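User: Could you walk me through this structure in a few questions and answers? I would like each reply to end on the value or name I ask for.

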Amino acid sequence: MTRTTHETEITVDPEVPAIHITRAFDASPEQVFRAHVDPDLLVQWLGPRDLEMTVDVWDCRTGGSYRYLHRRGDDEFGFHGCFHEVRPDEVIVQTFTFEGVP
């Protein structure tokens, strides 16, 4: 299998508080979508790699929500958000909140 390196494109919308991240993968849309919606697969790739990840809630559908923890020793880092739009093999629009921000 040949592996290609793709650049990640990050753009900030000047009109609304949004960041768009576009990435290309050497995989089918179905494979990439599944890696984002299946929590058992998500914990295998969502880094950083030196942290253990536990998924508390992962309801990846339009109107659903999520929460997960990253742990290193006694340190815990929580994240949560909601899924605004989920269209299989096409798009996932979600919020992202780091619980450690005051």
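User: What percentage of the 102 residues of the protein chain count as buried?

Analyst: Happy to start there. This is a predicted model, in which local features need pLDDT of at least 70 and side-chain atom pairs count only at pLDDT 80 or more, while totals for chains, interfaces and linings use all residues. Residues are numbered from 1 along each chain as its sequence is written, and side-chain values use heavy atoms, with hydrogens and water left out. Buried means under 20% relative accessible area, exposed means over 50%, and partly exposed is in between (1.4 Å probe, protein chains only); of the 102 residues, the buried share is 18%.

User: In what order do the elements of the protein chain run from the N terminus on?

Analyst: The chain has two helices and seven strands. These are DSSP runs numbered from the N terminus, with helices being H or I of at least four residues and strands E of at least two. The C-alpha atoms fill a box of roughly 40 × 40 × 25 Å along the principal axes. From the N terminus on, the order is β-β-α-α-β-β-β-β-β.

User: Which elements give two or more residues to the nonpolar patch?

Analyst: The patch is made by Ile10, Val12, Ile19 and Ile21, and has an area of about 450 Å². Patch residues have over 30% relative accessible area and no salt bridge, with like charges joined within 9 Å and nonpolar side chains (Val, Leu, Ile, Met, Phe, Trp, Tyr) within 5 Å; the areas come from the Shrake-Rupley method with a 1.4 Å probe, and for residues only the protein chains shown count as cover. The elements that give two or more residues to this patch are β1 (9–13) and β2 (18–22).

User: Is Val12 buried or exposed?

Analyst: Val12 has its place in strand β1 and is one of the residues that make the nonpolar patch. Its relative accessibility is 62%, so Val12 counts as exposed.

User: Which element gives the most to the lining of the largest pocket?

Analyst: A pocket is found on a 1 Å grid over the protein atoms alone: it is an open set of points where a 1.4 Å probe fits, with protein on both sides within 12 Å along at least five of seven lines, and lining residues have an atom within 4 Å of a point. The largest one holds about 1400 Å³ of space and is lined by 32 residues, with Ile21, Arg23, His36, Ile92 and Gln94 nearest its centre. At least two lining residues each come from β2, α1 (29–37), α2 (39–45), β4 (65–72), β5 (75–87) and β6 (91–94). With five residues, the element that gives the most is β2.

User: How many disulfides does a search of the whole structure find?

Analyst: A disulfide is a pair of cysteine sulfur atoms within 2.5 Å. The closest cysteine sulfur to that of Cys60 is in Cys82, and because they are 11 Å apart, they are too far for a bond. Cys60 is buried at 17% relative accessible area, whereas Cys82 is partly exposed at 29%. The number of disulfides found in the whole structure is zero.

User: How far apart are the closest N and O atoms of the salt bridge between Asp56 and Arg67?

Analyst: A salt bridge is a side-chain nitrogen of Lys or Arg within 4 Å of a carboxyl oxygen of Asp or Glu, and the whole structure has eight of them. In this one, Asp56 is partly exposed at 42% relative accessible area, and Arg67 is partly exposed at 27%. The closest N and O atoms of Asp56 and Arg67 are separated by 2.4 Å.

User: How many residues apart are Asp56 and Arg67, which link distant parts of the chain?

Analyst: Asp56 is in strand β3 (residues 52–58), while Arg67 is in strand β4.

User: Which residue forms a salt bridge with Arg87?

Analyst: Arg87 is partly exposed, with a relative accessible area of 35%. The closest N and O atoms in its salt bridge are 3.1 Å apart, and the partner is Glu85.

User: What separates the C-alpha atoms of Val57 and Val93?

Analyst: Val57 lies in strand β3 and is partly exposed at 38% relative accessibility. Val57 and Val93 are 36 residues apart along the chain, and their C-alpha atoms are separated by 17 Å.

Note on methods. Points joined across faces, edges and corners; volume = space filled by probe spheres on them.
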